[in-house]
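Please have a look at it on the screen before I go on.

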Amino acid sequence: MLQPTITIIIPILNGEKYIKTCLDSIYAQTCKNFEVIIFDNGPKDRTIEIARNYPAKVIENGTNIGWAKANNLCVKQAKTKYVFLLNIDTNTSRRTYRDWE
């Protein structure tokens, strides 16, 4: 397995409607050297349960600390050269991360 060069960070608050499509689009990438960090910003739905079906790191917080603070906490945990911040309703194309391979 390649060492990740990209960390994809997704703070989530009630994203059950979008999480599967978002993560499916990420894991369908032609570039495979990335890691995903999902920050639990206190969702009251099945978002985290669905996220656990993917090889992403889930940080359980349980309280909404806001999008910016959640991203900052995740960036501190990233060990890669690049960080990509996503909203939960984002769908990426299959070659979004190709230039960072």
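Predicted model: local features only at pLDDT ≥ 70, side-chain atom pairs only at ≥ 80, totals over all residues.

Let me begin with strand S1, residues 6-12, which is joined to S2 by seven bridges, the two strands running parallel; helices (H or I, at least four residues) and strands (E, at least two) are DSSP runs here, numbered from the N terminus, and two strands pair if DSSP finds at least two bridges between them. Residues are numbered from 1 along each chain as its sequence is written, and side-chain values use heavy atoms, with hydrogens and water left out.

Within this pairing, Pro11 has Phe39 in S2 as its bridge partner. Together with H1, the strands S1 and S2 make a right-handed β-α-β unit, right-handed meaning that, with the strands pointing away from the viewer, the path from the first strand over the helix to the second runs clockwise. S2 also pairs with S3, again in the parallel sense, over four bridges, and there Ile37 has Lys57 in S3 as its bridge partner.

How many of the seven residues of strand S2 are buried? Six of them are, so S2, residues 34-40, is largely enclosed by the rest of the structure; buried means under 20% relative accessible area, exposed over 50%, and partly exposed in between, with a 1.4 Å probe and protein chains only.

Turning to the aromatic rings, a search of the whole structure finds two pairs. Rings of Phe, Tyr and Trp (its six-membered ring) pair if their centres lie within 6.5 Å, and planes under 30 degrees apart count as stacked, over 60 as edge-to-face and the rest as tilted. Tyr27 and Phe34 have ring centres 5.6 Å apart and planes at 50°, so this pair is tilted. Tyr27 is partly exposed, at 23% relative accessible area, whereas Phe34 is buried at 9%. Tyr27 also forms a stacked pair with Tyr54, at 5.9 Å centre to centre and 20° between the planes, and Tyr54 is buried at 15%.

Finally, Asn41 sits in the loop between S2 and H2 and, at 4% relative accessibility, is buried.
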